[in-house]
Amino acid sequence: MSDRIAVFNDGVVQQLAPPEALYEAPENAFVANFIGENNRLFGEVTETIGDKCQVRLDSGETVLAKAVAAGGIGARTTLSLRPERVDIVSNGAEEAFDNRFRAEVREVIYLGDHLRTRVSVCGNDEFILKTPNAKGYASLRPGQSVEIGWSSDDCRALDA
């Protein structure tokens, strides 16, 4: 097994890194979408704050994200967020979420050690979250409204 992987697109290296870096820290939208499951939200950069940026989504909501490969103010961007980095706010650690939104549960799939839940949030009907199948975690069902959240450190603003 390799300790470094090159991800190519049309013969051009997009990123050369260890597997965990490709998954946890993709440098562009192609790599984020190519490696692993990925939630994508689309919008426009409205403000930059240090290594973060504020993005107004096409659906109107505002998200704080890590500015990785986003352009300046007014630039289009793709937000990348891994499903296991999203949680139900009632599961605790509310202060860890600088992004919080109401979502409607569309589908829950039991996968043994975790639940794969599809929700409608921020104009995206295919948004996925993975939650542990463990005592103390909320039991979700289709049609239910829940508050979900994620840290801006886990949400990457990439090229459009």
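Visitor: What do the side chains of R106 and D125 do?
Guide: They form a salt bridge, with an N to O distance of 4.0 Å. The term means a side-chain nitrogen of Lys or Arg within 4 Å of a carboxyl oxygen of Asp or Glu. R106 is in strand β8 and D125 in strand β10 (residues 124-132), so the bridge ties together parts 19 residues apart in sequence. Strands (E, at least two residues) and helices (H or I, at least four) are DSSP runs, numbered from the N terminus.

Visitor: What sort of model is it, and how are residues numbered?
Guide: It is a predicted model, where local features need pLDDT of at least 70 and side-chain atom pairs count only at pLDDT 80 or more, while totals for chains, interfaces and linings use all residues. Residues are numbered from 1 along each chain as its sequence is written, and side-chain values use heavy atoms, with hydrogens and water left out.

Visitor: Back to D125: what is its relative accessible area?
Guide: D125 has 39%, so it is partly exposed. Buried is under 20% relative accessible area, exposed is over 50%, and partly exposed is in between (1.4 Å probe, protein chains only). R106, at 35%, is also partly exposed.

Visitor: How many salt bridges does the structure hold?
Guide: There are 11. One of them joins R76 and D58, at 2.7 Å from N to O. R76 belongs to strand β6 (residues 76-81) and D58 to the loop between β4 and β5, so parts 18 residues apart in sequence are tied together. D58 counts as exposed because its relative accessibility is 54%, whereas R76 is partly exposed at 39%.

Visitor: Which residues are linked in a network of salt bridges?
Guide: E37, R116 and K130.

Visitor: And which residue meets E44?
Guide: R56 does, in a salt bridge of 3.9 Å, N to O. E44 is in strand β3 and R56 in strand β4, 12 residues apart.

Visitor: How many bridges join β3 to β4?
Guide: Six, between β3 (residues 39-49) and β4 (residues 52-57), which run antiparallel. Two strands pair if DSSP finds at least two bridges between them. I49 has K52 in β4 as its bridge partner. The two strands form a hairpin with two residues between them, and G50 in the turn has a positive phi of about 65°.

Visitor: What about β4 and β5, parallel or antiparallel?
Guide: Antiparallel, over five bridges, with β5 covering residues 62-67. C53 has A65 in β5 as its bridge partner. This hairpin has four residues between its strands, and G60 in the turn has a positive phi of about 105°.

Visitor: New topic. How many aromatic pairs are found in the whole structure?
Guide: Three. F101 and W150 have ring centres 5.3 Å apart and planes at 35°, so that pair is tilted. F101 is in strand β8 (residues 99-110) and W150 in strand β11 (residues 145-150), 49 residues apart. Rings of Phe, Tyr and Trp (its six-membered ring) pair if their centres lie within 6.5 Å; planes under 30 degrees apart count as stacked, over 60 as edge-to-face and the rest as tilted.

Visitor: F101 and W150, buried or exposed?
Guide: Both are buried. F101, F127 and W150 form one aromatic cluster.

Visitor: Last one: where is A32?
Guide: A32 is in helix α2 (residues 29-34), and it counts as buried because its relative accessibility is 0%. Leaving aside neighbours within four places in sequence, A32 is in contact (heavy atoms within 4.5 Å) with P26, N38, S80, R82 and L158.
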